Amino acid sequence: MSLNVVRSMFLAAALSAAASLFNTVHGQDLVELPAADKSLELASSELYSVGSFDGEDWELFGNRVIVAFGPDERLFVLDAEGHRVLILDSAGELVSMFGREGSGPGELQSPTAIAVTGDSLVVIVDMAKRGLSVFGLDGTFVRFVGTDDQFASGVAGGGSGSVVTEYSMKMQTGQDGQVSVDNTPQLERQAVGGAAGVSAIYQQTVPEVAESGTREVSGGGMRMSFGGQREEFAPALNWAVLGPSRIAIADEAGYLIKILERGSGISRHLVRPIEPAAVSEIDQEEVKRRRRAALEGTGSGGSGGVTIMFQRGGGGGGSRRMSVPQEMIDQMVDQMTFADVRPVISGLTADRSGRMWVRRDGTEIGEPGPVDLVSAAGEYLGTLDAEVVVPDAFGPGGMAAFVEKDELDVVRVVVRRLSVPGS
């Protein structure tokens with residue numbers, strides 16, 4: 001038995017014991033989901049699709065498209081590279097569009113995410129402007145809500161007048177001009193409907209790495225410093241809004257979903273007895289190969305290099321892509337560190353009923369695993385095959401939107417009606 005496997009078994013046992021003690025002390029419910037999978041099948045029928053090389057002028061999208069349903073069946077399509085939002089009706093017809101490139105009120109500079117609140121406000125995360133641009137359902141600009149020194153990486157409707165925002169980077173400039181970076185993922189509830197206000201929801205506990213700290217790579221006359229690097233295969237902060245007052249979080253190596261109640265913290269833990277797989281040397285080499293290909297621009301993503309985040313002295317900031325000399329690429333790959341195990345849960349989202357779609361880790365690196373369906377009440381409903389694609393957005397009445405590419409590599413948005421018999 002390898003040392004990694006032994007360490008993983010010890011870690012899993014320690015986490016299980018700690019979770020049990022924690023639940024006993026704090027009176028939280030521990031809900032044990034069944035170990036055996038119950039097979040489910042996903043039924044779908046296409047309602048409409050938009051996005052075509054030879055379609056209407058407005059149907060030609062850039063490569064970064066994000067979607068969100070409104071309170072009704074209207075779909076909001078954020079074409080990030082086009083700096084615009086399209087509003088589609090239930091039949092896929094264009095109702096209107098809004099947005100243009102710029103740094104002024106109502107303009108979009110570097111949009112990265114979109115959400116619709118419970119009281120019909122459209123919220124767009126703008127990384128370069130470091131804030132949230134808020135619009136009405138008709139595209140009328142309402143206000144801009146700054147996020148100061150934080151960079152948002154995700155957003156979801158959080159009830160009337162608010163959104164839940166994920167922040168994965170915080171940058172602060174000291175009096176000496178040095179910039180410090182905090183990469184600890186955290187969730188906050190941000191008021192966007194009128195009165196300003198921010199409340200912390202959750203902050204992920206990132207395991208300390210013995211080799212962590214500031215790392216430097218240099219080459220080709222360049223020098224770059226990296227602080228707070230995380231191990232490869234470290235659990236990500238996966239989360240989903242289940243309703244105005246409840247959020248689900250999965251950020252551990254094992255199969256553990258935490259249910260947070262607004263105002264009272266964690267109320268339940270949902271667990272399945274599925275052990276995380278040990279990270280093998282083959283896994284490590286494959287991840288290094290993919291990282292090198294991404295930096296060199298030889299991978300499936302196309303252009304190589306790294307994304308550099310920056311902030312300006314007078315506020316604001318943004319990002320830009322820059323190439324990296326081969327000598328620096330070699331150093332960056334050599335300095336990669338790895339966790340002992342691969343997290344069981346790799347993705348988490350929820351539909352309009354609060355039903356959770358839990359993507360599990362696949363057998364091979366980069367391959368998706370099966371998808372568990374868990375009700376809002378914490379009941380295991382069954383498991384969908386690994387080939388099932390989880391929607392990019394859920395709407396009312398089983399509607400779901402998918403961002404895909406056709407045979408010509410053209411981005412399109414497909415809306416289908418889904419049903420899962422037996423769930």
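I looked up the bridge partner of D126 in strand 9 and found G131. The model is predicted, so I note its terms: local features need pLDDT of at least 70, side-chain atom pairs count only at pLDDT 80 or more, and totals for chains, interfaces and linings use all residues. Residues are numbered from 1 along each chain as its sequence is written, and side-chain values use heavy atoms, without hydrogens and water.

I then followed the strands themselves (DSSP runs of E, at least two residues, numbered from the N terminus). Strand 8 (residues 121–126) and strand 9 (residues 131–136) run antiparallel and are joined by six bridges; a pair requires at least two bridges found by DSSP.

I placed both in an open sheet of four strands, order 7-8-9-10, with antiparallel pairing. Strand 7 (111–116) and strand 10 (141–146) are the edges; each has a single partner strand, so one side of each lacks a neighbour in the sheet. Neighbouring strands of this sheet are turned by 20 degrees against each other on average, direction ignored (axes are lines fitted to C-alpha atoms).

Next I examined the second largest pocket, with a volume of about 1,300 Å³. A pocket is an open set of points on a 1 Å grid over the protein atoms alone, where a 1.4 Å probe fits, with protein on both sides within 12 Å along at least five of seven lines; lining residues have an atom within 4 Å of a point. The volume is the space filled by probe spheres set on the points.

I recorded 45 lining residues, with V155, A156, T349, A350 and D392 nearest the centre. Strand 18 gives the largest share, six residues.

Key: Axes are lines fitted to C-alpha atoms, for helices over the stretch in contact, and angles run from 0 to 180 degrees between N-to-C directions.
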